[in-house]
Amino acid sequence: MPYKMVNPWVLHKRTFVQHFNEKCDFMSVQFLTEEQRTNYGCYIAEPTSAELTRYFHLDDDDHKNISAKRGDHNQLGFALQLTTVRYLGSFLNIISQAPVSVLKCLSRQLCLSNAKKCLMEYNDQRQRLRHINEISLMYGYSEISNPLVGFRLARWLYTQCWTGTERPILLFERATTWLLANKVLLPGASILERFISKLKHRVEQRLWKQLIQSIGQEQQLKLETLMSVPEGSSRSWFDQMRAGPTNISGPSLVRALERLGLIRNYGVTLPHSTSIPSNRIATLSQFASRAKVTAIKRLPLRRRLATLAAFMKTLEATAQDDALDILDKLLNELFSDAAKSDQKTRLRSLRDLDAAATTLANVCTLLLDTELPDTNLRTLIFKQFPREKLAKTLEETYSLVRPTDNVFYGELKARFRRVRIFLPKLLEHIHFSASPAGKTTVAALEYIQKNYHQHQFDNTAPLEVVNKAWRRYVMPDPDEQTIDQQAYIFCVLDQLRTALKRRDVFVSESWRYADPRKGLLSGKEWEAARPMICRTLGLPLDPKPLLDELACELDQTYRSVSARLPDNEAVRFEGPLGKEELILSPLDKVDEPESLVALRRLVVERMPQVDLPEILLEIAARTGFTESFTHISENSARAEELTTSLCAVLLSEACNTGMEPLARSDVPALRYDRLTWVNQNYLRDETLVAANV
């Protein structure tokens, strides 16, 4: 806690809440509306049928406690107070405000004929104050003034405020839910409202203090100067730095990278502590990104510095993402334009390609003619197609055809000026990191950064990044081991845009391009959680034997399938070269043998005709699995013939028929309200798991 904690067990006259209020010496903020304040802890409307079944159904213990009261009016009043505190979390001060549906529900269960008369008699007595004390004692209800309760509520709310950014009204609703779940009587609305406001203020104070504790005087002055307007400009430094790029171009990317460098020069560092949730820092940053400079200036010093520090820290990630977004769109546009330009060029050259292909086809026709003598074949070909014309046709064909993995380098090379505008700044300001799959790309980027000023790259450049499609352009003459600089740069940029999408290459201080493994446990945290996780998954602590076994199994399976593939007529590959698809023939239907049909018929004839409810009740009697189903709030709450009701509800859930077909008004255990009450209070994930163990 951010304040000096006092042990709640040694607080005698002062409760924990009183102690907390004394430590918070500021004017609380009221956030509840008049309507919310009026409806707090009261019946707003008639409870629904589901709520009547869940909260106003009386079990065997309730009937036992109610029957000990003298007179119908005391029994009805006790039942009304008991069910009201279950539903609202507070007792009913004005008895006449009880809804009609609640009175009818309780009267039906208590077999009362005149509920209004009983209610009037009960309202005139002071017996209800004694009933309130008895209910609190019997059913374990406590007040928020209890030191232990106040401590638990403060700790729970403090965690909610520290790890989340919910509005006070949402915290108020969650606190009310917590009080109901823990059987704590609702305090006054103003008490809980003031408590939440003060606690939230304490959390904010602690957050601001931790954010600025590592910022020195020099950095504080830099942050304060962000609010000033530079000479000759109409906007402050703060407005200029939070204004992102607006278009996609090389100069725009350069400006985005310069903005990133300017942000880094401020050198704002936040305390490296996992105790500060990232969403709290992001919330402060979002406020700064939307608020006006004048509004930020009016903030108190500590809050203003914390807001600016959080904004500058997150602004680096935002600016880096903006630059990478422009880079991704720019590269996609660059390669897309090159592909479109190549397609247009190819369409314009189709006529020349058809002519050259026709000439070469005629030559091949002569070559394939078996009637022509081999000795005179060359003479006949050159007679119809002169050598010079045939050589020119062959040269045109080579220039017009495109490889299947064409990368449009000719069109890309004409656009290298666009790359030259932003590439030096990109490599200077963006520091790429990589997973094992992207290390070759990052190594190539580092080489380009060091040798970009040279006109030619040497053979020390990382060539692992060059794939087959780019090799013919990057190394036009493999014997000389020369590298085309522009082709190598385009090849690396092509691999970079693919690696960024796959997150094989990432950057630190980023929202969208961060390391995907960042959230994984590592080091001491992983070693501490490793035994529990491995035990839960049923895996050994040492992964090597299991991985070796899986690798061996995979290798053997692959070799076995590969060996049988040529002889398997049901498997084939179809499609153009390089784009083949695996085709599996459907299996033929196998007819059931006569012996199986006869066996099935004999089994059906010998099976006794037993209804499903009888089977389920017999299993419940033999195993006692229904004892695992406990009440959601009253663990000891049982009802007569509860096993029958549980089996009926389970059967309706399994058959997906609903409870209406099973409901019987003449059987108490199968009444619709009883079945609904059991379904809402006894069937939960944990009870179903416990019953199946």
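Which hand does the crossing of H17 and H25 have, left or right? The crossing of H17 and H25 is left-handed, a term for a near helix turned anticlockwise from the far one by less than a right angle, with clockwise giving right-handed.

The structure is a predicted model, in which local features need pLDDT of at least 70, side-chain atom pairs count only at pLDDT 80 or more, and totals for chains, interfaces and linings use all residues. Residues are numbered from 1 along each chain as its sequence is written, and side-chain values use heavy atoms, with hydrogens and water left out.

## Helix packing

Helices (H or I, at least four residues) and strands (E, at least two) are DSSP runs, numbered from the N terminus. Axes are lines fitted to C-alpha atoms, for helices over the stretch in contact, and angles run from 0 to 180 degrees between N-to-C directions. Angles under 35 degrees count as roughly parallel, over 145 as roughly antiparallel, 65 to 115 as roughly perpendicular and the rest as oblique.

| Helix pair | Angle | Axis separation |
|---|---|---|
| H14 (residues 250-265) and H22 (residues 416-429) | about 25° | 9 Å |
| H10 and H11 (residues 189-212) | about 120° | 10 Å |
| H17 and H25 (residues 485-502) | about 125° | 10 Å |

Contact here means heavy atoms within 4.5 Å. On the H14 side the contact is made by Gly250, Pro251, Leu253, Val254, Leu257, Glu258, Leu260, Gly261 and Arg264, and on the H22 side by Ile421, Phe422, Lys425, Leu426 and His429.

H10 and H11 pack at about 120°, so H10 is oblique to H11. Their crossing is right-handed. From H10, the residues Pro168, Leu171, Phe172, Ala175, Thr176 and Leu179 meet Ala189, Leu192, Glu193, Ile196 and Lys200 of H11.

H17 and H25 are likewise oblique to each other. In this pair Leu327, Asp328, Leu331, Asn332, Leu334 and Phe335 of H17 meet Phe490, Leu493, Asp494, Leu496, Arg497 and Lys501 of H25. Two of these residues also form a charge-over-ring arrangement: Arg497 lies over the face of Phe335, at 4.3 Å from the ring centre. A charge sits over a ring if NZ of Lys or CZ of Arg is within 6 Å of the ring centre and within 35 degrees of the ring normal. Arg206 is placed in this way over the face of Trp162, at 4.2 Å from the ring centre.

## Aromatic pairs

Rings of Phe, Tyr and Trp (its six-membered ring) pair if their centres lie within 6.5 Å; planes under 30 degrees apart count as stacked, over 60 as edge-to-face and the rest as tilted. The count by this rule is 13 aromatic pairs. In one of them, the rings of Phe31 and Phe172 have centres 6.2 Å apart and planes at 75°, so the pair is edge-to-face. Phe31 lies in the loop between H1 (16-23) and H2 (34-39) and Phe172 in H10 (residues 168-181), so the pair ties together parts that are 141 residues apart in sequence. Both phenylalanines, Phe31 and Phe172, are buried; buried means under 20% relative accessible area, exposed over 50%, and partly exposed in between (1.4 Å probe, protein chains only). Elsewhere, ring pairs link Tyr43, Tyr55, Phe56 and Tyr87 into a cluster.

## Individual residues

Pro277 lies in the loop between H14 and H15 (278-290) and counts as buried at 15% relative accessibility. Leaving out residues up to four places away in sequence, Pro277 touches Trp162 and Thr163. The C-alpha atoms of Pro277 and Gly164 are separated by 8.2 Å, although the two residues are 113 residues apart along the chain.

Asp322 is in H17 (residues 301-348) and is buried, with a relative accessible area of 18%. With the sequence neighbours up to four places away not counted, Asp322 touches Gly244, Pro245, Arg259 and Arg512.

Most residues other than glycine have a negative phi. Cys111 has a positive phi near 55°. Cys111 is in the loop between H6 (100-110) and H7 (115-123) and is exposed, with a relative accessible area of 70%. Lys183 is not a glycine either, and its phi is positive at about 55°. Lys183 lies in the loop between H10 and H11 and is buried, with a relative accessible area of 17%.
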